[in-house]
Amino acid sequence: MAAHLARVNVLVQVGVGAAFDFHPGHVKRSPVWMQKTGLEWVYRMLQDRRLIKRYLMTNPVFLALFLRDFINAKIRNFST
């Protein structure tokens, strides 16, 4: 989406991931127990090896930023 932002001239873009592959049945979903426990990403990563690099590169960055913001919010709430 970021690569095409300048060309599409829209205010909002929404990423839907594999939703358009799941609904028509092009990609098999993980077992229900994995869906319910939030581990569907592991199943997808094992089924589609190109996701390994993507997940290993972006997820730690997301988690670090999330934890930073979460801790900062807790500190702000504690000090008020």
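Modeller: Glu40 lies in helix H4, where helices are DSSP runs of H or I with at least four residues, numbered from the N terminus. This is a predicted model, in which local features need pLDDT of at least 70 and side-chain atom pairs count only at pLDDT 80 or more, whereas totals for chains, interfaces and linings use all residues. Residues are numbered from 1 along each chain as its sequence is written, and side-chain values use heavy atoms, with hydrogens and water left out.

With a relative accessible area of 13%, Glu40 is buried, a word that stands for under 20%, with exposed for over 50% and partly exposed for what falls in between (1.4 Å probe, protein chains only). Setting aside neighbours within four places in sequence, Glu40 is in contact (heavy atoms within 4.5 Å) with Phe22, Arg29, Ser30, Met34 and Gln35.

Helix H4 covers residues 40-47, and Tyr43 and Met45 are buried there along with Glu40. The buried residues of H4 pack against helix H2 (19-22), helix H3 (32-36) and H5.

Ser30, one of the contacts of Glu40, sits in the loop between H2 and H3 and is itself buried, at a relative accessible area of 5%. Beyond residues up to four places away in sequence, Ser30 touches Gln35 and Tyr43 as well as Glu40.

Not counting residues up to four places away in sequence, Leu39 touches Trp33 and Met34. Its C-alpha is separated by 22 Å from that of Pro24, which is 15 residues away along the chain.

Next comes H5, against which the buried residues of H4 also pack. Helix H5 has 30 residues and reaches 44 Å from its first C-alpha to its last, close to the 44 Å expected at 1.5 Å a residue, the expected span being 1.5 Å times one less than the number of residues. At Leu56, H5 bends by about 25°, and a proline, Pro60, follows within four residues; the bend is the angle between axes fitted to the seven residues ending at a residue and the seven starting there. Phe70 lies in H5, which runs over residues 50-79, and is partly exposed at 41% relative accessibility.

H4 and H5 each supply at least two residues of the lining of the largest pocket. On a 1 Å grid over the protein atoms alone, a pocket is an open set of points where a 1.4 Å probe fits, with protein on both sides within 12 Å along at least five of seven lines, and lining residues have an atom within 4 Å of a point. About 190 Å³ of space lies in this pocket, a volume being the space filled by probe spheres set on the points, which are joined across faces, edges and corners. The largest share of the lining, four residues, comes from H5. Among the lining residues are Arg44, Gln47, Arg50, Leu51, Arg54 and Tyr55.
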